[in-house]
Every structure is written in C-alpha cells, then in structure tokens.
Amino acid sequence: MSEHNDHNLHPEHSRITAQPILMFLIILGISTAAVFVIVKGVIWGMDKMAASNPPSPATAVATEERKLPPEPRLQGAPTTGSTATTDVVSPLPLDDMKIYREQVEQKVSSYGWVNKEAGVARIPIDRAKELIAEKGLPTSADAAAAAGIEKAAAVRKQMLNSDSSAGRGIARQ
C-alpha cells in the first residue's frame, strides 16, 4: 500500500511528455492548410474551365420556331407564338378561371345573337327573370302533352296488371 501512495504523491514523475502532442497538432495544422490550398486551387481551375467553355443548348435542334405538343396542353405551358428565345405561356389555372368568369359575366349581362338565322337572341339574365315573372313560364302544345300523358298512362296500366315479365307483356307498336 505504501508503494501506491508514493506514486500518487509524486505526479511530476509522469511519463507523458508534451512533445508528441505538439508535433501532432503542428502536423494536423499543416495538413489542414494544405488541403485548404488544394481545394481553393481546384475551385479556381473549375471556374476557369467554366468561363472558357460557354454552356451548350439543352438540345441540338437550333431552329427559330419550336414544335409544340398537340392540344390540349397543360396550363402554364408554352403556347403558339413561342419561339426559341421567348415563351408565350398559357394562363395559370387561377388566372384562366378569372378570365372565364369575366367572359361568362359579360355574356350573361349583355344582348347578342345565339343564332341569327333562326332568330335566337341572348338577353341579360336580369331582364329574362323579369320577363318570366311577368308572363310566366312558356307552355308546350297542349295536344302533344296530352297525347304523351295518355300513352304513359296506358303503359303504366299494362305494367301494373302484368306479372314479372320484364316488359314482355307489352304489345309492340
């Protein structure tokens, strides 16, 4: 026991020296600086190569007018009128919906021809509501409506008086 206590009492007799630790730190610092210089040199060389070689086009086709895919195209995609240098894109979905609503609102609130030869015109929706409120809904020809009702009643009577025949009991017309 006394031997162990003697060794613990005299720490200055340790075998660890500072020289190998300092050498390791010096070598580590020099190698870090060398790697830094090498990386900077590689970056500088790559920048020089990039500056000397201009970027090539994405495709080998060098035409003035681009061939677009057939309709319908995605919204926001190039449209007719696009060239190799400029793109004319179709409206995005929200912009397209806004344009559509404006067109519908313009048609609903204005007069115009639907079919001029047949004499069918378009009137504003508010005016159409007023006319329906004044005159009532248009009625179809009473004779045609009555004939249709009678025919439906005859078929209904035949179907209710028959068994489950899947319609085979109905006389052909």
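Does Ser-110 count as buried or exposed, and at what relative accessibility? I shall open with that residue and then turn to the protein as a whole. Please keep in mind throughout that this is a predicted model.

Ser-110 counts as buried, because its relative accessibility is 15% and the cut-off for that class is under 20%. The residue sits in the loop that joins helix 3 (93–108) to strand 1 (112–115). Its side chain reaches back to the backbone oxygen of Gln-106, at 2.8 Å. Leaving aside residues up to four places away in sequence, Ser-110 touches Arg-122, Ile-123 and Pro-124.

The protein contains five helices and two strands, and their order along the sequence is α-α-α-β-β-α-α. Of the 173 residues, 4% are buried, and Ser-110 is one that counts as buried. Turning to contacts with a separation of 6 or more, residues 24 or more positions apart account for 0% of them. The accessible surface of the protein amounts to about 16100 Å². Carbon and sulfur atoms contribute 63% of that surface.

My next topic is charge pairing. How many salt bridges does a search of the whole structure find? The search finds one. Its partners are the side chains of Arg-127 and Glu-130, with a nitrogen-to-oxygen distance of 3.3 Å. In general, side chains of opposite charge can pair when their charged atoms come close.

Which residues make a nonpolar surface patch of about 1100 Å²? They are Ile-16, Ile-21, Leu-22, Met-23, Phe-24, Leu-25, Ile-26, Ile-27, Leu-28 and Ile-30. One of these patch residues, Leu-22, lies in helix 2, which spans residues 19–52.

To summarise, I have described Ser-110 as a buried loop residue, the salt bridge between Arg-127 and Glu-130, and a nonpolar patch of about 1100 Å² that includes Leu-22. Thank you for your attention.

Key. Residues numbered from 1 in each chain as written. Predicted model: local features only at pLDDT ≥ 70, side-chain atom pairs only at ≥ 80, totals over all residues. Heavy atoms only, no water. Helix = DSSP H or I, 4+ residues; strand = E, 2+ residues; numbered from the N terminus. Buried < 20%, exposed > 50% of the residue type's maximum accessible area, 1.4 Å probe, protein only. Contact = heavy atoms within 4.5 Å. Areas by Shrake-Rupley, 256 points an atom, 1.4 Å probe, with all protein chains shown as cover. Salt bridge = Lys/Arg side-chain N within 4 Å of Asp/Glu carboxyl O. Polar contact = N/O pair within 3.5 Å; in protein donor to acceptor, adjacent residues only side chain to side chain. Patch = residues over 30% accessible without salt bridge, like charges linked within 9 Å, V, L, I, M, F, W, Y side chains within 5 Å.
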